[in-house]
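Thank you all for coming.

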Amino acid sequence: MNWRKIKCYVEKEMDILGVQRGAGEPAMVLMADKGHYMGGAFVTFKADKRQALWNRIHRQGGAPPPRGLKKQKAEWLKPGLVGRVKILKGEEMLRHASLKDFREDE
């Protein structure tokens, strides 16, 4: 009997808390939903959109880490940046997540 495993994804908007980036490593944004830390999502934008994200992060950077989160190499952001992430459906925390778009919070 043959069977096929198919991953189902959904897209959801979440707050961007910070970013982790280092030389030779893929960049990740750290996400929260309704004030709860959800995990990281990979940044897979092309160069021009990625640069626009880094510019916004530079303007909103310098916030203290959220209580209970002490990730090394993380740049923490002031509130106000929202990201749309593609995530694996049915999971409590982010798994196989990628950032699809971002915007300023209204």
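I will talk about the nonpolar cores and then about the salt bridges.

A word on the source: this is a predicted model, in which local features need pLDDT of at least 70 and side-chain atom pairs count only at pLDDT 80 or more, while totals for chains, interfaces and linings use all residues. Residues are numbered from 1 along each chain as its sequence is written, and side-chain values use heavy atoms, with hydrogens and water left out.

Let me start with the cores. In soluble globular proteins, nonpolar side chains tend to be buried together. By a nonpolar core I mean a set of buried Ala, Val, Leu, Ile, Met, Phe, Trp, Tyr and Cys residues joined through side-chain atoms within 4.5 Å, where buried means under 20% relative accessible area, exposed means over 50%, and partly exposed lies in between, using a 1.4 Å probe and protein chains only. The largest such core here has 21 residues, and those with the most contacts inside it are Val29, Met31, Val43 and Leu53. At least two residues of this core come from each of β1 (9-20), β2 (28-33), β3 (36-43), α1 (47-60), β5 (81-88) and β6 (98-104); these elements are DSSP runs, helices being H or I with at least four residues and strands being E with at least two, numbered from the N terminus. Apart from this core lies another, of seven residues, among them Leu17, Leu30, Ala74 and Trp76.

What does Val43 touch, if we do not count residues up to four places away in sequence? Taking contact as heavy atoms within 4.5 Å, Val43 touches Ala27, Met28, Val29, Arg50, Leu53, Trp54 and Leu99.

Now to the salt bridges, each being a side-chain nitrogen of Lys or Arg within 4 Å of a carboxyl oxygen of Asp or Glu. By this rule the count comes to eight. In one of them Glu13 pairs with Arg103, with the closest N and O atoms 2.7 Å apart, and this pair links distant parts of the chain, since Glu13 is in strand β1 and Arg103 in strand β6, 90 residues apart. Glu13 counts as partly exposed because its relative accessibility is 41%, and Arg103 does so at 26%.

Arg84 and Asp101 also meet through their side chains, at 4.0 Å from N to O, and they link strand β5 with strand β6, 17 residues apart. Finally, Arg95 forms a salt bridge with Glu91, at 3.3 Å between the closest N and O atoms, and, elsewhere, salt bridges that share partners join Glu11, Lys49, Arg84 and Asp101 into one network.
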